Amino acid sequence: MVSYILRRLLSTLPVMGIVALFVFSLLYIAPGDPAAVIAGDQASPADVERIRQGLGLDRPFLIQFGTWLWHILHGDLGTSIFTNLPVSAMIAQRIEPTLSLMAITLVLTILVAVPLGVAAAWKAGSWIDRTIMAFAVFAFSLPVFVVGYVLAYVFALQFEWLPVQGYTPLTAGVWPWLKNLILPALALGSVYIALIARITRASMLEVLQQDYVRTARAKGLGQRNILFVHALKNAAVPIVTVIGIGIALLIGGAVVTESVFAIPGLGRLTIDAILRRDYPVIQGIVLLFSFLYVLVNLMVDVTYTLVDPRIRY
Amino acid sequence: MDRRTVLKGLAGVGSLAATGGLSMPALSQGAAARTLRFVPQANLANFDPIWGTQYVVRNAAALVWDTLYGLDATLQPQRQMVESEEVSDDGLVWTFRLRPGLKFHDGEPVRSKDVVASLARWSARDPMGLMLKAIQNELTAVDDRTFKWSLKAPYPKMLLALGKNSTPCAFIMPERIAQTDPFKQIPEYIGSGPMKFAKGEWVPGAKAVFEKFADYTPRQEKTSWLAGGKQMLVDRIEWVVIPDPATAAAALQNGEVDWWESPITDLVPSLKKNRNINVDIADPLGNIGSFRMNHLHPPFNDVKVRRAVLAALSQEDYMRALVGDDTALWKPLPGFFTPDTPLYTEEGGEILKGKRDLAMAKKLLAESGYSSQPVTCVVAQDQPITKAQGDVTADLLKQIGMNVDFVATDWGTVGSRRAQKTPPGQGGWGMFHTWHAGADCISPAAYNAIRANGDKAWFGWPTSEVVEKEVTAWFDAKNLDEEKAAVKRLNKAAIDDVVYAPTGFFLSYTAWRKNVAGIAKGPLPFFWGVSKTA
């Protein structure tokens with residue numbers, strides 16, 4: 001297993017290299033010019049050109065790519081065109097809010113979605129099942145920003161329980177940290193709760209019809225034991241897969257959520273960087289996200305072996 | 001249901017709740033009343049006010065860096081860092097003396113050599129600075145508090161150049177920083193202004209923090225815009241970047257922020273209903289909407305086509321698209337200069353007055369020989385002001401029989417594409433939309449958009465000898481009457497040539513909580529004189 005994990009980690013290097021080349025090429029051919037954004041709306045064409053030269057954007061593609069790659073190989077993600085700050089420092093500054101948001105959303109999602117899915121499967125066809133599935137369809141259909149605005153209106157403006165925007169680091173205390181993240185996590189999690197609840201239901205339904213479950217029932221095992229020890233463990237592979245995919249999708253969802261709740265995370269940084277054509281920042285974030293995707297996939301694969309002993313690497 | 005509808009609905013309901021007697025104790029109001037939390041118009045992504053000339057950078061820079069002179073509310077430059085100035089009888093040698101006790105945030109005194117280096121960097125980027133540089137003999141430090149600017153020709157607008165608020169302003173930096181190439185970013189943010197920049201707390205895209213500079217010595221005069229005593233009544237200012245307008249409105253209603261620089265007009269009615277919030281016009285100098293046609297290529301290289309568009313355009317259509325039905329927010333503008341300022345004129349503006357003349361537009365178009373070639377109209381749809389104008393223009397062009405190639409993209413692309421001089425079919429463009437701060441359009445001093453000096457002109461590259469002659473006449477004017485006469489002729493010539501198309505004059509709001517006092521109307525948010533109670 002250890003050698004498998006090491007092999008997988010090593011295999012991320014060429015993947016990230018290809019992603020890097022792809023992203024760099026894409027940005028190079030994409031329309032848009034950071035110098036024009038920097039210079040501002042009232043700048044003259046000559047000013048824009050001089051700024052382009054100052055940033056080295058007038059150099060040939062291969063030289064720009066080679067320079068960037070050389071720095072990457074030396075552990076340097078480069079410097080933001082706009083802020084003049086190291087990209088690694090900017091990412092470090094922004095990663096905590098995003099990881100916090102994702103972690104809370106994930107915990108919330110699993111704690112809510114899996115029991116809902118199990119309950120729906122156990123009571124398949126009943127009003128409980130129909131209610132849960134109706135909720136799932138409803139939650140899945142609502143855009144994150146609509147859920148976000150409604151939550152902000154109810155819990156921030158009406159009840160004044162929680163803030164509308166911002167982020168407080170964990171070092172300031174657990175409650176101040178959590179307070180800023182509850183609404184965004186609920187908004188972001190609604191779609192995933194719906195998704196995972198539906199998958200859990202489907203997977204559980206399949207397992208509950210298996211012979212070994214009938215045998216367990218025939219042996220007189222309790223409902224709780226059958227559901228959570230026998231059935232859920234065997235239904236877990238697709239659920240774990242969807243959770244894994246969900247983590248990857250959370251990164252995309254975080255972009256909208258961070259904008260709605262003004263959380264200074266990587267999602268907002270990405271959008272800002274794309275709109276400004278801040279190439280080094282975009283490239284740095286894409287590399288990081290690529291690595292995270294690979295890591296999540298690896299974790300999902302490893303988890304398979306824990307929930308299903310038949311799977312071996 | 002679209003996003004804007006949801007946004008308006010929720011903000012409106014939130015406001016009703018607030019006015020309905022619900023107490024609104026903000027979660028963070030326990031924070032010190034000495035901290036002012038401000039939502040700026042845009043993200044402060046860089047902090048070199050000479051290298052990058054966005055308004056948001058200028059606004060933040062005005063806290064950190066001081067200027068030699070400052071423009072007051074009567075549009076006159078007043079002494080700020082300068083104690084006195086002398087000009088020789090022939091107008092060629094200016095000698096300035098700094099006031100005593102000026103200090104940079106690193107504790108070093110402000111010396112003439114710092115001023116000289118700062119002015120050298122500024123004059124490489126600023127239009128007025130470039131004019132000064134072109135006639136400069138030498139700019140030297142005489143002693144620690146005295147410096148001299150010797151010229152080859154008189155430059156009567158010297159004090160305006162040093163005190164103007166259009167970007168880039170002539171901010172004074174320490175010599176070691178000011179020696180940075182003007183086309184590269186400065187590495188440190190050390191000024192001698194009333195607030196220090198807390199670089200360690202800077203989260204670009206999210207937060208910028210300014211702390212009171214204890215050693216700042218304000219002037220004794222009453223404050224007025226960038227002039228007078230810049231008295232800081234709060235210890236700390238936090239700029240909180242909130243990209244979503246509905247979230248910013250909710251944060252203001254909830255007391256999480258104190259002042260929102262530019263609320264969008266859709267949300268203003270709901271903010272006005274909130275008993276804890278003041279809403280007022282932000283800047284009486286407002287903005288001038290505009291679109292520019294490319295004078296280099298067909299069809300707009302023909303003045304008849306440009307006039308056809310001008311004859312057909314309805315400024316009311318543009319203004320309603322920009323600010324909705326709030327008629328207090330806009331007025332027609334048959335000219336190029338800011339209304340209610342000394343040089344405002346409507347000379348030659350008849351084509352923009354009265355009923356729109358589509359028949360005349362079509363006739364002019366026919367006379368020009370326009371043959372239905374596509375007009376590439378590039379629009380930045382991530383900037384609501386340009387997008388709204390672009391939609392109106394597309395409809396206008398279709399009405400007069402033009403073939404529109406509407407390219408809706410983002411500002412990063414428009415900014416790049418508009419710099420292309422190639423024909424529209426080869427990556428160039430036919431027209432783009434923008435707007436100009438009214439503060440920049442009070443005179444030809446910093447008004448890039450009015451210039452018509454061909455290759456050196458702003459995007460669109462208009463050429464008009466008459467326009468350029470009158471710009472020079474304004475710079476050479478000895479008194480206000482001469483200035484007014486020159487600007488009248490300039491306005492007429494610019495309309496005749498259709499240097500660009502003005503789409504109207506519009507204002508915007510600013511909003512703040514009622515426990516904040518001292519907010520002044522002006523072309524940028526002035527933080528001196530602003531106080532806050534718990």
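A residue is called buried when its relative accessible area is under 20%, exposed when that area is over 50%, and partly exposed in between, as computed with a 1.4 Å probe on protein chains only. The model is predicted, so local features need pLDDT of at least 70 and side-chain atom pairs count only at pLDDT 80 or more, whereas totals for chains, interfaces and linings use all residues. Residues are numbered from 1 along each chain as its sequence is written, chains are lettered from A and ligands numbered from 1 in the order in which they are written, and side-chain values use heavy atoms, with hydrogens and water left out.

Asn294(B) is buried, with a relative accessible area of 1%. Its place is in the loop between strand E13 (287-293) and helix H9 (303-312) of chain B; helices (H or I, at least four residues) and strands (E, at least two) are DSSP runs, numbered from the N terminus. A polar atom of the Asn294(B) side chain lies 2.9 Å from the backbone nitrogen of Leu296(B), and the backbone oxygen of Trp429(B) lies 3.0 Å from a polar atom of that side chain. When residues up to four places away in sequence are not counted, Asn294(B) touches Phe300(B), Asn301(B), Trp429(B), Gly430(B), Gly460(B) and Trp461(B), where contact means heavy atoms within 4.5 Å.

Gln185(B) is also a buried loop residue, with a relative accessible area of 11%, and it lies between helix H6 (175-178) and strand E8 (195-197) of chain B.

Strand E19 (residues 509-513) of chain B has five of its five residues buried, so it is largely enclosed by the rest of the structure. In a regular strand the side chains alternate between the two faces of the sheet. Here Tyr509(B), Ala511(B) and Arg513(B) point one way, and Thr510(B) and Trp512(B) the other way. Two strands pair if DSSP finds at least two bridges between them. Strand E12 (residues 277-281) of chain B pairs with E19(B) in the antiparallel sense over five bridges, with Asp280(B) as the bridge partner of Thr510(B). Strand E11 (residues 259-260) of chain B is joined to E19(B) by two bridges and runs antiparallel to it; Trp260(B) stands opposite Ala511(B).

Elsewhere in chain B, four strands form an open sheet in the order E4-E5-E7-E6, with antiparallel pairing. Strands E4 (82-87) and E6 (136-143) stand at the edges with a single partner strand each, so one side of each is left without a neighbour in the sheet. E4(B) and strand E5 (residues 93-98) of chain B pair over five bridges, and Glu85(B) stands opposite Phe96(B).

In chain A, the axes of helix H9 (residues 211-218) and helix H10 (residues 223-260) come within 11 Å and cross at roughly 170 degrees; axes are lines fitted to C-alpha atoms, for helices over the stretch in contact, and angles run from 0 to 180 degrees between N-to-C directions. That makes H9(A) roughly antiparallel to H10(A), a description used for angles over 145 degrees. Residues of the contact include Tyr212(A) and Val213(A) of H9(A) and Ile226(A) and His230(A) of H10(A).

Technical notes: Parallel < 35°, antiparallel > 145°, perpendicular 65-115°, else oblique. Polar contact = N/O pair within 3.5 Å; in protein donor to acceptor, adjacent residues only side chain to side chain.
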